[in-house]
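Here are my notes on the model you sent over.

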Amino acid sequence: MSTLAIHNARVIDPGLGRDGIADVVIVDGRISRVGPDEGSAVIDADRIDATGLVVTPGFVDLHTHLREPGFTYKETIRTGTAAAAAGGFTTVCAMPNTNPPLDSRAAIESVLREAETATVRVLPIGCITRGRAGAELAPAGELQAAGAVALSDDGDAVADPSLMRHALEYSTAFGLPISQHCEDPSLVRDGHMHEGWVATRMGLRGRPASAEETMVARDIALAELSGAHLHIAHVSSAGSVALIRAARARGAHVTAEVTPHHLVLTHEEVAFGFGADYTHLRYNTDAKVNPPLREHSDVAALRAALRDGVIEAIATDHAPHARMDKEIEFDVAAAGISGLETAFGLCMTLVTEGDLDLPLLIERLTIGPVRAWQLDRQPGLEGLGTLAPGAVADIAILDPATRWTVEPARFLSMGRNTPLGGRELTGQVVATIAAGRVVHRLESVAAL
Amino acid sequence: MTTETMPSAGAPTSSRPAPAWRHQHILDLDNFGRDEIEAVLDTADSMREILDRRIARVPALRGRTVVNLFYEPSTRTRASFELAGKALGADVISLTAAMSSVQKGESLIDTVRTLRAMRADVIVMRHSSAGAAYLAAEHTDASIINAGDGAHAHPTQALLDLYTMRQHFGDLAGKRVVMVGDISHSRVARSDMWGLTALGARVVVCGPPTLLPRGLRASERPAHAESALPPVTVETDIERAIEGAHIVMALRLQSERQQGGLLPSVGEYARRYQVTAQRLARAHPDHILMHPGPKNEGVEIAADVATGDRSIIEEQVTNGVAVRMALLYLLAGYAPGDVDGGSR
């Protein structure tokens, strides 16, 4: 029997409504007890002194690109899950835009096999359409039987409205959420950033917010037609927020996620960087992402939606790329941000700026995503996103006050593509425990 | 073995011609102040004198290497840089990359570094991707001159436009300059806007709404970003735009705009937006007519006015060589090492 006791932390467990100083006792990889002074009674335990720190359930990411199979020069399941652990994530949902894409039972199973030795839990997402080609449905039933927890053609939208309608209808037999990357391909063709004054300054064609909003509106209508569960991936615009808000008010089964970068950064990041003046232009491919970073008014709407629960999950859209994919001309550079290791620090911006309190932020990183996809109904995932006794002991230990500087060269992810390099963030993940095992720990964290 | 390298009028007399010159690269005019633009135009005046000599050649840049790296076809800009470099005694080579760097398998950064390793001092670059010159500039200590990057910028064209306008009007402050056409896809218009507004001209851009980029109107930008784009007036009615204009510039219309669904037809465009004698009647009596070329007569500009007495399109071309000589000369004054063939 192995026992680990975390002492004297502020335990924030929004799923169970707990917020207070307590000890957490882990026995054989599962939560045993949480409560004041519980740890002192345990003998023969490994101990972590978490005085002054915050202990929460491990974060759950509904949107992670692990790149394996097919793009292992960008990331592997091993490096991606190590990066997840460094970011406080103990569950990541792996997007299927791999090569081959995860559109078959065998492909899902091979990812799960590889993930058996990974640092944190990997839940695969299957494709909506065969080969992500947008022409025929992928075998949803097979994919679910193999272990897929949702379906998505992320990276691309399912453009054909009729096919999307049928994908939604068909999914209702399995209760699988359909996570849609909402950007109408004809409206974003040849576009490389948000359409607006920055794109005009840079001479780049834009991807208008309406490209996202028209598809959000269309898919909500289709979801209401079929009663299916539509999940809007990486919401980026104020207009989309309004559509989702109205749909949810009508009772449609629509859930949504937002990324840390869309919650903090704007299209100005692409051209000017943080706090820079307007005379020094640059073409920062590390800020190139789809959907693109938008305007301050969008950021404000996204924060409000996250606060009031219209958006219930923060998801990273961790999209690692190799240098050769990014250090090239802007219009041919790959889109995406390596986000797992900066997610908590970046999201803490919302707490320091007063948009969210810390418990609500933790909610949106833990039980929020779990409930959005009802992941805790999966066999073996009971209690996921909480510190409930009996649940697998997935834990993040946080220091919300410490300031640190983002150094992409020190990422565990192979993807160093972040616009945050050199930026100081407040709030750091100091240790991560997955299934009772310490999988990440800063040197500064003392053992008792 | 001459020590006389530069003419005297308005010309710097040492090898460090412009004490205030602070540019290693010419990427766009968005970071050029009025003084700096005027320094270039004054230097170009001296270069015009050299060009008008019987043997238009001085050894100011002897021993320096200028590489024209063109990823897009170009006749006039490339020829103009070749002549400019040769007139100053530089070694000039021109490379045409028919394919993009990606298709070729060698990255832009590798290409630029390779050229620098061969001791290229100045790399003149044209590329279909906006920002390509910026990428190059980040990865080399050679001087990069942007000879056109996608729809973003074409600063040397803008400077020759400014030079030509100044020849006609002297001070451009308060002059009304109208650019008509495909503003969205025009790197010339973007660079001209910066240069013209820096010199105090009143700039009007005019075109159909589908060819006007978003954000140009100050009302389409947040207050904090007011200075992020030049202050211009946006107009969709050509008659109103041309009213009282001192300078009218027609921009090339690509026929692809029709296939792209941006225009019903080239014919309708011509009817609504062609610069014609009738429309120019609304301009200022002393107006001049410009075009960055190559022009489609009968589309964006009527044939009779293109070759008429108000047209200074050919002057633009001659001035292009002088302005590019000025830039090569000024950049040599910046670069580490020194300009060889100066007043030594």
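How many bridges join strand β6 of chain B to β7(B)? Keep that in mind for point 1, and remember throughout that this is a predicted model.

1. Let's start with that pair. Strand β6 (residues 202-206) of chain B and β7(B) run parallel, and four bridges join them.

2. Now zoom out to the whole sheet in chain B. It is an open one with five strands, ordered β7-β6-β5-β8-β9 (chain B), and the pairing is parallel. At its edges you'll find β7 (232-235) and β9 (288-290) of chain B, each of which pairs on one side only. On average, neighbouring strands here are turned by 20 degrees against each other, ignoring direction.

3. Two helices of chain B are worth a look next. Helix α7 (residues 187-198) of chain B lies across β5, β6, β7 and β8 of chain B, at about 170 degrees to β5(B). Helix α6 (residues 155-169) of chain B lies across β5 (176-180), β8 (247-250) and β9 of chain B, and runs at about 170 degrees to β9(B).

4. Over to chain A, which has an open sheet of five strands in the order β9-β10-β13-β14-β15 (chain A), paired in parallel. Why does one side of β9 and of β15 of chain A lack a neighbour in the sheet? Both β9 (151-152) and β15 (313-314) of chain A stand at the edges with a single partner strand each, so one side of each is left without a neighbour there.

5. Inside that sheet, strand β13 (residues 230-232) of chain A pairs with strand β14 (residues 254-258) of chain A over three bridges, in the parallel sense. A:His231 stands opposite A:Thr255 in β14(A). Helix α8 (residues 238-249) of chain A packs on the sheet and touches β13 and β14 of chain A, its direction making about 150 degrees with that of β14(A).

6. On to the interface, where 21 residues of chain A are in contact with 33 residues of chain B. The area buried between chain A and chain B is about 2,200 Å², with carbon and sulfur atoms giving 58% of it. Two salt bridges turn up across the interface of chain A and chain B. One to look at joins the side chains of A:Arg201 and B:Asp30, at 2.7 Å from N to O. Helix α6 (residues 197-202) of chain A supplies the largest share of the side of chain A that touches chain B, with four residues. By class, that side of chain A has nine nonpolar, five polar and seven charged residues.

7. Please check the backbone in a few loops of chain A. Most residues other than glycine have a negative phi, and most peptide bonds are trans. The peptide bond from A:Glu68 to A:Pro69 is cis, with omega near 5 degrees, and A:Pro69 is in the loop between β6 (59-64) and α1 (77-86) of chain A. The bond from A:Asn99 to A:Pro100 is cis too, with omega near 0 degrees; A:Pro100 is in the loop between β7 (89-94) and α2 (105-115) of chain A. A:Asp317 has a positive phi, near 50 degrees, and lies in the loop between β15 and α12 (323-326) of chain A.

8. Last one: A:Gly15, in the loop between β1 (3-13) and β2 (18-27) of chain A. Which residues does A:Gly15 contact, leaving aside its neighbours within four places in sequence? They are A:Ile367, A:Arg371 and A:Thr386.

Terms used:
Residues are numbered from 1 along each chain as its sequence is written. Chains are lettered from A and ligands numbered from 1 in the order in which they are written. This is a predicted model: local features need pLDDT of at least 70, side-chain atom pairs count only at pLDDT 80 or more; totals for chains, interfaces and linings use all residues. Side-chain values use heavy atoms; hydrogens and water are left out. Contact means heavy atoms within 4.5 Å. Buried area is the accessible area (1.4 Å probe) that two parts lose on being put together, summed over both. A salt bridge is a side-chain nitrogen of Lys or Arg within 4 Å of a carboxyl oxygen of Asp or Glu. Ala, Val, Leu, Ile, Met, Phe, Trp, Tyr, Cys and Pro count as nonpolar, Asp, Glu, Lys and Arg as charged, and the others, Gly among them, as polar. Two strands pair if DSSP finds at least two bridges between them. Axes are lines fitted to C-alpha atoms, for helices over the stretch in contact, and angles run from 0 to 180 degrees between N-to-C directions.
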